[in-house]
Structure formats: structure tokens, C-alpha cells
Amino acid sequence: MTEKILSNKKHGLLMLLISVVMLFGGLIGFFGLVDRNPLAGCLCGLVAIVAGFLLAGLRVLRPQEALVLTLFGNYIGTLKGEGFYWVNPFCTGVNPAAFTQLNQSGDVKAPRTGDNMGKKMSLKIMTLSNNKQKINDCLGNPVEIGIAVMWRVVDTAKAAFQVDNYKAFLSLQCDSALRNIVRIYPYDSAPNVDTTGDGLADDGSLRGSSEVVARRIKEEIQARVEEAGLEIVDARITYLAYAPEIAAVMLQRQQASAVVDARKLIVDGAVGMVEMALERLKENGVVDLDEERKAAMASNLLVVLCGNKEAQPIVNSGSLY
């Protein structure tokens with residue numbers, strides 16, 4: 001289905017004036033001639049009926065609106081651009097998603113009853129914020145993630161006729177694309193994980209590579225909704241967290257990792273300080289220590305520098321040996 005733009009239908013004002021003149025002229029002629037000349041009165045009445053029929057073909061479009069028109073089931077074209085139009089009164093506007101609402105909660109709501117015909121199609125950039133989903137990452141850890149997708153209609157014919165409901169179609173494709181991309185990445189950087197598909201391990205993750213992940217999600221969704229005449233303007237991760245059932249355990253793991261990293265830093269600093277102290281004592285000739293006394297001094301300094309609590313000093317008033 002190829003979109004056809006109707007550019008020669010902007011005659012709304014002219015047709016409105018003609019129809020109004022015909023309507024009032026026909027009514028005046030009908031009531032004035034129906035008693036004296038029934039045939040002429042009937043012709044005037046017919047003119048008034050035709051004028052009322054012509055008024056049904058008037059269409060008004062605001063900025064960033066379009067109207068997909070069909071005539072007896074055949075697609076004849078699309079009106080685009082603000083203005084006052086006149087079309088064949090038998091033409092019907094089609095918008096399968098006229099009553100479908102994509103709420104900020106992400107639910108796709110459509111009325112149980114209602115006519116989807118004769119509705120204008122918005123060409124504005126809209127936002128779909130789907131519900132948070134629970135998805136297993138590449139390591140099997142369940143994570144909760146939500147995305148916001150900015151999109152718009154670029155081909156009205158495809159949107160109206162290629163899919164049953166382009167808004168519901170977009171919402172389902174967002175869910176599917178999100179699952180396909182998230183399962184490639186770990187939540188945090190993990191060793192021996194290939195997230196790019198080049199066969200080499202890398203440090204990609206959902207938390208640390210959010211821009212890359214969002215770009216891949218956008219590309220995945222765009223490939224899926226191309227046939228529906230939709231363009232994905234942007235996609236962003238709005239929520240990311242471990243699932244509640246493992247959140248506490250993962251928090252403890254992160255805390256343990258932080259403690260280990262801190263202890264490693266403390267030990268490295270303490271060893272450097274001990275080395276510096278022994279070197280300074282040797283260079284300045286303050287005291288001459290044998291290997292046993294150096295080991296004892298290093299042990300005491302490490303205990304003082306690496307301990308969690310303040311050390312209690314013991315003053316040695318006797319001989320060093």
C-alpha cells in the first residue's frame with residue numbers, strides 16, 4: 001500500500017459558499033413556488049437537498065493532522081496539512097486506532113463499542129511508556145525494566161491498512177524488541193560476556209551502557225514497525241532494577257564487593273607506608289633493625305593501619321632487644 005497525497009482538494013471555502021447559496025435559494029424557491037408551480041418548487045427542493053449533501057463533503061484539518069479517505073472501500077488518497085477541504089461526500093475517513101489510547105502507564109485501551117471510521121490521524125510525535133517488564137538478563141538474573149518510546153506516523157496508508165491497529169501493534173512490538181535486547185546484556189559488567197556479537201568479551205551492561213542499549217532497542221523497534229508506516233524518533237530506558245525476589249541478595253553482593261575493593265585499597269596503602277617507614281629509618285640511621293625486628297615492626301604497622309578499630313599503644317620503656 002502506497003500513500004497518495006491529495007493536493008487538489010483545498011476548495012472548502014468555495015464549496016461552502018456555493019452550497020449555502022444553493023441551500024437558501026432552493027428553500028426560498030421551494031416555499032415560494034410549491035403552491036403556484038409544483039414542478040418548479042420540487043426542483044428547488046431538490047437543489048436544497050443537493051446543497052445539504054454537498055456540505056457533507058467539507059473537511060477541516062489542523063496542523064499535524066491527516067485524513068485517510070476511502071470511496072466505496074477503495075483507498076483514494078490522504079489529506080495532509082492544515083486547511084479547509086472539500087471531498088466527495090461519499091468518501092469516508094479511516095483510522096483504525098481512533099479510539100485507542102496509549103496511556104503513560106503503557107496500557108493500550110480501546111472502547112468495546114464505537115465506530116473507528118471518519119476519524120483524523122495525528123502526525124505529531126507521541127510518547128509510549130510501556131509498563132515495566134520482568135526479563136531475565138544474559139546471566140539469568142530477573143530484572144525489571146521500562147522504556148519510553150517517541151514515535152510518529154509517517155505513512156498514513158500503511159498505518160491504516162497494513163496492520164489492524166497501529167497503536168496496539170507498536171505497543172506489542174516494543175515489548176518484544178525490549179525482551180530481545182535485554183537478554184543479550186548483564187545487569188552489571190560481567191567477565192566472559194559478549195554483548196556485541198563479535199565473539200569477544202566486553203564490559204557492556206544494562207546499567208553501564210544505557211545509551212547503547214537504548215539505541216539498539218530503538219533500531220530493533222524501527223525494523224519491526226516499518227511495515228506499519230511508523231517512525232521511531234527516540235527510545236530511552238526509564239526504569240531499571242533487579243526484580244524484588246533477588247534485589248536484597250544482589251545488594252548484599254554489591255556491598256561485599258565494595259568492602260573487598262575498599263580493603264584492597266587500604267592494604268595497598270598500608271604496605272606502601274610500611275615500606276616507606278623502613279626505608280626512611282634505614283636512610284637516616286635512626287635505628288638498625290635485623291630481619292626479625294623488621295618483620296615485627298611491619299606486622300605492628302599493618303595491624304594499626306588496616307584495623308577497623310583504633311590501636312591501643314603499649315609503651316616499651318626497656319631495651320629494644
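Start by selecting asparagine 192, which is exposed at 74% relative accessibility. The model on screen is a predicted one. Asparagine 192 lies in the loop that runs between α4 and α5. Display its backbone torsions: phi is positive, about 60 degrees, although the residue is not a glycine. Most residues other than glycine have a negative phi.

The crossing of α4 and α5 is right-handed. To see the contact, show side chains: on α4 the residues include Phe169, Leu170, Gln173 and Ile181, and on α5 they include Val213, Ile217, Glu220 and Arg224. Counted by type, the residues of the α4 contact with α5 are 10 nonpolar, three polar and three charged.

Now go to glutamine 64, in the loop between β1 (58-61) and β2 (65-71). Glutamine 64 also has a positive phi of about 60 degrees and is not a glycine. Its relative accessible area of 44% makes glutamine 64 partly exposed.

Finish with the cysteines. The structure holds zero disulfides. Select cysteine 44 and cysteine 42: the sulfur of cysteine 42 is the nearest cysteine sulfur to that of cysteine 44, at 9.3 Å, and a disulfide would need the pair within 2.5 Å. Cysteine 44 has a relative accessible area of 19%, so it counts as buried, the cut-off being under 20%. Cysteine 138, the last stop, is partly exposed at 31% relative accessibility.

Conventions: Residues are numbered from 1 along each chain as its sequence is written. This is a predicted model: local features need pLDDT of at least 70, side-chain atom pairs count only at pLDDT 80 or more; totals for chains, interfaces and linings use all residues. Side-chain values use heavy atoms; hydrogens and water are left out. A crossing is left-handed if the near helix is turned anticlockwise from the far one by less than a right angle, and right-handed if clockwise. Helices (H or I, at least four residues) and strands (E, at least two) are DSSP runs, numbered from the N terminus. Contact means heavy atoms within 4.5 Å. Ala, Val, Leu, Ile, Met, Phe, Trp, Tyr, Cys and Pro count as nonpolar, Asp, Glu, Lys and Arg as charged, and the others, Gly among them, as polar. Buried means under 20% relative accessible area, exposed over 50%, partly exposed in between (1.4 Å probe, protein chains only).
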